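I opened the model to look up helix packing and aromatic contacts. My notes follow.

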Amino acid sequence: MTADVAFDTLGALPAVSLAEMDQRAALQCRFDRKYLLPAGDARRLLAELAPAARVLEIDGIRHFTYESLYFDTPDLVSYLRTAYRHRRRFKIRTRTYVDSGSCWLEAKVPGPRGSTVKYRAPHVPGQPHPTDAGLAFLDDVFARHGLPPTDRAGLTPTLRTAYLRFALLMPGDSRVTVDTGLRWIADGRELRLPGVAIVETKTGTTAAEADRRLWRHGHRPVAISKYATGLAALRADLPAAPWRRVLRQHFTLSREDLLHG
């Protein structure tokens, strides 16, 4: 994959290792704010944050290729509970860090006061289904949060995403990630959003400096889920009320091309 906008400032930032990033800002229970904006605006945000930012670097790489495979039941329990904001919603995916070849099985569930809790376990790269150990891991997560194992019955790959990401460690141990080169693939169809970035701030409780700078430039958090919004964009038959505004403003042309192309 290649970036659709240059982030030249990345090379000048001091580096932070993955170990230090995880130690200081793992934020497995966190508040996420997501922004969808032109990639050029994300580049300007990076320039503003640069004096205080450190960039994640692994083996000399600062801009990483991610691939995620999302799982759902045949009747889309995960998607529909997210669409209807069900309190027992969940998300299951594998995430592959293409540059290193490592892969994790991840489960995300709602936490207290609007936070998100993420759990992860090692996964075999290229394995398109959770292993027995992975299913046991999911059962443990579900039991911990009062979700019956039947909620994940028949998990099957539903949507694949790919993008480029860099991650910043900010003062106060908050994190900022910027994703570009966004792609969604499902049922033999592919959706791209060239020239668009998803900026996500990950904080303990209060808003971060990146949030305040985005607000000053007129950007506000939006309801977007790479899984749910992407699947809604690819499938017009699904309920999509939480993401209707984002779909209308940012996905309309691509969605129409998919439906009528």
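I began with helix H2 (residues 39–49) and helix H5 (residues 209–216), which pack at an angle of about 130°, their axes 11 Å apart. Axes here are lines fitted to C-alpha atoms over the stretch in contact, with angles from 0 to 180 degrees between N-to-C directions. H2 is therefore oblique to H5 (under 35 degrees is roughly parallel, over 145 roughly antiparallel, 65 to 115 roughly perpendicular, the rest oblique). I noted the crossing of H2 and H5 as right-handed.

I then listed the contacts (heavy atoms within 4.5 Å). Leu45, Glu48 and Leu49 of H2 meet Glu209, Ala210, Arg213 and Leu214 of H5. By class, this contact of H2 with H5 has four nonpolar, three charged and no polar residues.

The model is predicted: local features need pLDDT of at least 70, side-chain atom pairs count only at pLDDT 80 or more, and totals for chains, interfaces and linings use all residues. Residues are numbered from 1 along each chain as its sequence is written, and side-chain values use heavy atoms, without hydrogens and water.

Next I checked rings. I found eight aromatic pairs (ring centres within 6.5 Å, with the six-membered ring for Trp). Ring pairs join Tyr70, Tyr79, Tyr227 and Trp243 in a cluster.

Last, I looked for charges over rings (NZ of Lys or CZ of Arg within 6 Å of the ring centre and within 35 degrees of the ring normal). Arg120 has its charged end over the ring of Trp104, 4.2 Å from the centre. Lys226 lies over the face of Tyr163, 4.5 Å from the ring centre.

Conventions: Phe/Tyr/Trp six-rings, centres within 6.5 Å; stacked < 30°, edge-to-face > 60°. Helix = DSSP H or I, 4+ residues; strand = E, 2+ residues; numbered from the N terminus. Left-handed = near helix turned anticlockwise from the far one by under 90°. Nonpolar A, V, L, I, M, F, W, Y, C, P; charged D, E, K, R; others polar.
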